[in-house]
Amino acid sequence: MYDFVIIGGGIVGLSTAMALGQRYPDAQILLLEKENHFAPHQTGNNSGVIHSGIYYKPGSLRAKLCREGCQSMVEFCQKHNIDYDVCGKVIVATEPEELPLLENLYQRGLENGLEIHKITAEQVKEVEPYVQCLAGIKVNSTGIVNYTQVALKYAELIAQQGGKLQLSTKVENIKNTSEGTVIETNQGEFKAKFLINCAGLYSDRITRLGGVKPEAKIIPFRGEYYELIPQKRHLVKTLIYPVPNPNFPFLGVHFTRMIDGSVHAGPNAVLSLKREGYKKTDFDLADTLDTLTYPGFWKLATKHAKDGIEEIIRSFSKAAFVHSLQRLIPEVQSEDLIPTHAGVRAQALRNDGKLVDDFLIVEGRKAMHVCNAPSPAATASLEIGKAIVEKVANVQEPATKL
Ligand SMILES: Cc1cc2nc3c(=O)[nH]c(=O)nc-3n(C[C@H](O)[C@H](O)[C@H](O)COP(=O)(O)OP(=O)(O)OC[C@H]3O[C@@H](n4cnc5c(N)ncnc54)[C@H](O)[C@@H]3O)c2cc1C
């Protein structure tokens, strides 16, 4: 019988296992990952940005844990010799109607306690010489890192603490018994006193298997990227973001200098017809029906029909994708960009059509379910892990001493 079993070897599951091991050094901890390596899904296919926390609603978990996580991620990388760069970023308004939105974002950043600066179009050019805009915000604390490297370091530290990590082990069923939780997998059964579900794109299904009706369903949104050819990398020095559409949960296609020196452009946000569907042609009947039979999806789709159609066009038309990027850097041409990887975001959506905006951690019977951990969960991963352990401690410690 394990004290804790964690489902999911992405950055959130690994940070949680690491934080549990630090709080309970004598506990028996097991982490189960269905793939044959760590960080295969969201964690391994993201933009690699250490977000500052400017975008999130003041007072929300996302705002708090991102701001704290931005700092702790940098300290973690320093301590463990992981390459990172606090290169800063610019957010730029390119149309007059975006100026009030940029101002709102600036005020939000201040409310979130960040050190940010309004800059003129000329000052933007000092940082990013090829950007054409009307005005911008400079965010100094934004950085870049490879989150797969971070996740692998978490895994190494868990093993050093005595935790057990088991790959190629897919959780198929969960039974709550009087003696604890029985986790049925393709590699046999495991028993746990306490279960923590960090299954990302499958977190809602695991929540249901654990006997809790999830309050939201995971809707998969694929984000596709292009990469600048090496001869054109000089067009981007750091990170260049547009002003996000305030009604849309994603940040808009942007330029990101990656820690390996390459420059990525994207991601867009298209509905994926498969939860782990990285190609446009990927399709899974059960996943598709799951989305299309969910009333919340149709409410969302009706509300965002125009944005959704634009995203689909941008997915199938490179010209449309390039056009969005030219709003930031007019000099970028189609032949400068080659398609690269894609990632699929797990975004929780409620039955009423509202996207779950904040991180969502739900308590079950001797269990915690991470039901929504979208961006910036990689940035905030160390803080999310600690927050989960705090919640576990509040449930566990009065009754049982682990
Ligand atoms: C395109 C994109 C760009 C992003 N950019 C950024 C960024 O720049 N900065 C940032 O901070 N965040 C970013 N994010 C968000 C960030 O990557 C995620 O919030 C974070 O990785 C979530 O981690 P996770 O561990 O919850 O999920 P995941 O990394 O998806 O891990 C979940 C794991 O659970 C496993 N699993 C699922 N079901 C089972 C099962 N039945 N049995 C066993 N294992 C199972 C999966 O195989 C997977 O490995 C981005 C995300 C995407 C998709």
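**Notebook: pockets, a helix and a cysteine**

I began with the second largest pocket, where H9 gives the largest share of the lining, six residues. The model is a predicted one, and I kept that in mind throughout. I noted about 690 Å³ of space in this second largest pocket. I counted 28 lining residues there, and the closest to the pocket's centre are Asn 245, Gly 252, Glu 310, Arg 314 and Arg 327. Helix H9 spans 305–316 and helix H10 spans 318–326; each supplies at least two residues of this lining. I then sorted the lining of the second largest pocket by class and got 13 nonpolar, five polar and 10 charged residues.

I found one cavity of 30 Å³ or more. The volume of the largest cavity is about 60 Å³. I listed its lining as Ala 17, Gly 21, Tyr 24, Pro 25, Ala 27, Ile 29, Ile 158, Gln 161, Gly 162 and Gly 163. Helix H1 (11–23) and helix H5 (147–161) are the elements that give two or more residues to this lining. By class I noted six nonpolar and four polar residues around the largest cavity, with no charged ones.

I turned to helix H3, residues 99–111. H3 has 13 residues, and I read 19 Å from its first C-alpha to its last, close to the 18 Å expected at 1.5 Å a residue. Which residues of H3 are buried? I wrote down Leu 102, Leu 105, Tyr 106 and Gly 109. Looking down the axis of H3, I saw that its buried residues fall within an arc of 105 degrees, so they line one face of the helix. I checked what covers the buried residues of H3, and the cover includes strand E5 (89–93), strand E6 (116–120) and strand E7 (135–139). After H3 comes Gly 113, and I noted its positive phi, near 80 degrees.

My last entry is on Cys 198. I placed Cys 198 in the loop between strand E12 (188–197) and helix H6 (203–209).

Definitions and conventions:
Residues numbered from 1 in each chain as written. Predicted model: local features only at pLDDT ≥ 70, side-chain atom pairs only at ≥ 80, totals over all residues. Heavy atoms only, no water. Helix = DSSP H or I, 4+ residues; strand = E, 2+ residues; numbered from the N terminus. Expected span 1.5 Å × (residues − 1). Buried < 20%, exposed > 50% of the residue type's maximum accessible area, 1.4 Å probe, protein only. Arc of directions from axis to C-beta. Contact = heavy atoms within 4.5 Å. 1 Å grid on protein atoms, 1.4 Å probe; cavity = no way out; pocket = protein on both sides within 12 Å on 5 of 7 lines; lining within 4 Å. Points joined across faces, edges and corners; volume = space filled by probe spheres on them. Nonpolar A, V, L, I, M, F, W, Y, C, P; charged D, E, K, R; others polar.
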